[in-house]
Amino acid sequence: MCGIIGYAGLEEAAPILLDGLERLEYRGYDSAGVAIFTKGGSLLRVRAAGRLTNLHARVLEQLKAGADLHGEVGIGHTRWATHGEPTEENAHPHRSANGKYMVVHNGIIENHAALRKRLQEDGVVFASQTDTEVIAQLLESNDTGDALETMRRTLPQLEGSYAAAILYNQTPDTIYCVRRQSPLLIAMNETGVFLASDSAALLPHSRQIYRLEDGETAMLKAAQTRFYDGAGTEIAKTAIEIARHVTTADRGGYQHFMRKEIDEQPLAVHRTIAPLLHQGTVDLGEAEAVLRNFEDINRVLFLGCGSAYHVGMAGRVVVEEMTGIPAGAELASEFRGFAASIDPRTLVIIVSQSGETADTLMALRLANERGARTLSIVNVEGSSIASESGSVIYTKAGLEVAVATTKAYSTQLAVVYAVAARLAALRGCEQYRLRPFIHALHTLPERLDETLQSTQASAIAWAEEIHEREHAYFIGRNLDYVGAMEGALKLKEISYLHAEAYAAGELKHGTISLIEQGTPVVAVCLRRETAAKTASNVEEVFARGARVFCIAAKPEAKAQTIVIHPTHPLLVTSLAVIPAQLLAYHTAFLRKCDIDKPRSLAKSVTVE
Ligand code: F6R
């Protein structure tokens with residue numbers, strides 16, 4: 001959510017900043033801007049509302065008009081609007097009234113209204129509606145002539161979360177930065193120093209990454225970077241090596257990243273589970289540490305948001321059925337209300353693609369505070385959630401660019417199955433139950449591949465039928481309900497067609513009144529233990545005129561059916577999602593939506 005980039009070095013900053021913003025654009029794309037200390041000695045800012053292409057065009061215009069954009073120090077930002085509309089005035093960088101400070105910021109300043117009022121009473125005139133401008137104005141009002149000292153005086157006045165990069169007009173060779181709750185990373189190479197909110201923008205320059213921790217600040221110059229703790233004492237930091245090459249942001253001939261990422265799922269799942277499977281057993285590698293004194297664990301709790309929460313919902317069923325240990329799943333954003341019963345005997349499993357989702361990070365911190373064992377399933381190495389968890393298992397989805405998750409979701413599910421199998425083995429699960437489960441996990445990539453091949457044509461035909469409708473319902477029971485929830489989320493987030501998921505048995509308790517002639521209902525009936533009951537619910541909606549589409553193991557009489565070859569009954573969620581993703585993609589395509597960057601969304605949600 002929002003992207004920050006910065007560079008201080010020997011090369012031209014503008015192309016580096018624009019390239020970095022391109023790599024970050026999937027995290028927020030309402031507006032963008034850069035600020036550069038020019039060789040001519042001024043601090044120049046260019047901003048544009050809308051997509052990054054608009055900023056590129058604006059930069060070109062400025063160059064044609066003779067603007068001096070040459071300089072070796074600068075910062076840039078791509079925005080996901082929180083305070084104020086996505087206009088040029090609200091785009092970052094934000095400048096203080098007398099132009100002393102220029103700030104780009106991720107996060108939310110929660111006391112911005114009170115600070116703005118106080119500054120306005122002192123005569124400060126604001127140029128935007130953003131909370132970020134408050135930081136710039138406050139810095140200027142506290143200016144001591146020494147930017148680090150000014151930051152030390154100013155930061156305690158800010159409440160909320162922030163990662164900020166700051167330029168000060170008295171030190172044109174320097175970028176100052178600070179982190180509190182929102183991620184900020186730094187990397188160096190022989191040409192200079194780079195900072196970014198996300199490793200995707202740093203990896204082209206270096207794989208040695210420094211993470212700022214909460215309260216830390218840094219001063220970045222071409223030849224020298226200094227880190228300080230919250231008290232202002234200089235500290236030494238150690239870089240972490242990002243071992244894995246991140247897949248490049250290349251559409252590879254596909255029209256959209258999402259369609260490419262759907263097709264990458266079998267390979268991504270294979271890459272993720274292969275290191276965990278060993279001749280019919282599961283070994284979680286370094287994450288085994290979280291299972292020490294396993295017999296003490298009396299509860300497993302999954303936490304995540306959005307699709308990652310759906311993974312947790314599936315995990316809850318699979319873990320409980322395989323191990324008999326009571327398991328639950330909670331929305332990380334709601335966790336504050338549910339944390340009271342967490343204790344050192346709880347295994348908390350955090351699911352997050354980005355590893356930076358603020359709600360999930362806060363839930364992890366709460367679980368850590370309560371002494372729980374924490375294991376995270378994360379796709380981004382060195383991310384905050386990975387760093388703060390007791391143990392980590394990385395999904396190997398590679399860079400996921402489309403905002404709607406597909407391959408990360410599938411790899412998260414696969415890791416959850418592996419964890420469930422390991423817990424089951426430790427619990428003494430009988431081999432006749434464990435072996436087929438691990439075998440099914442082993443063959444999951446092939447099953448995903450078959451499902452992709454066999455469901456594409458029907459998904460397109462279904463999309464043709466539903467794309468002009470206003471509402472759709474997804475139903476299923478148990479693990480199929482998880483499939484329904486993920487299917488509905490995919491459809492609504494990228495096609496803007498209103499879609500809701502219901503536990504199939506719940507329809508008759510109220511929602512069935514919404515079913516009328518032609519209402520599309522997608523029923524997921526893959527799990528054989530519940531399929532017959534869901535089939536009865538299909539009859540009920542059919543009797544009320546619904547147009548029913550089924551994802552099932554055998555053809556349904558009252559519905560158009562996508563037949564999927566059954567896998568292990570506990571792995572059905574992985575297969576159900578494939579036609580659901582394809583349906584969402586093709587519906588969004590027919591509705592001419594911006595599939596990879598749906599309106600109002602961002603890839604990494606770093607505000608609570
Ligand atoms: C939906 C989607 C989101 C994310 C959620 C959590 O397609 O992508 O619902 O799953 O925002 O994000 P992470 O996994 O990065 O914590």
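Author: The structure holds zero disulfides, a disulfide being a pair of cysteine sulfur atoms within 2.5 Å. This is a predicted model, in which local features need pLDDT of at least 70, side-chain atom pairs count only at pLDDT 80 or more, and totals for chains, interfaces and linings use all residues. Residues are numbered from 1 along each chain as its sequence is written, and side-chain values use heavy atoms, with hydrogens and water left out.

Reader: How do you know that Cys-525 is in no disulfide?
Author: The nearest cysteine sulfur, that of Cys-550, is 4.0 Å away, and a disulfide needs the two sulfur atoms within 2.5 Å.

Reader: Why is Cys-525 called buried?
Author: Buried means under 20% relative accessible area, exposed over 50%, partly exposed in between (1.4 Å probe, protein chains only). Cys-525 has 3%, so Cys-525 is buried.

Reader: What makes β24 and β27 edge strands?
Author: Five strands form an open sheet in the order β24-β23-β25-β26-β27, with parallel pairing. Strands are DSSP runs (E, at least two residues), numbered from the N terminus; two of them pair if DSSP finds at least two bridges between them. β24 (498–503) and β27 (560–563) each have a single partner strand, so one side of each is left without a neighbour in the sheet.

Reader: How do you know that β23 pairs with β24?
Author: Six bridges join β23 (residues 471–476) to β24, and at least two are required. Among them, Ala-472 has Ala-499 in β24 as its bridge partner.

Methods
Helices (H or I, at least four residues) and strands (E, at least two) are DSSP runs, numbered from the N terminus.
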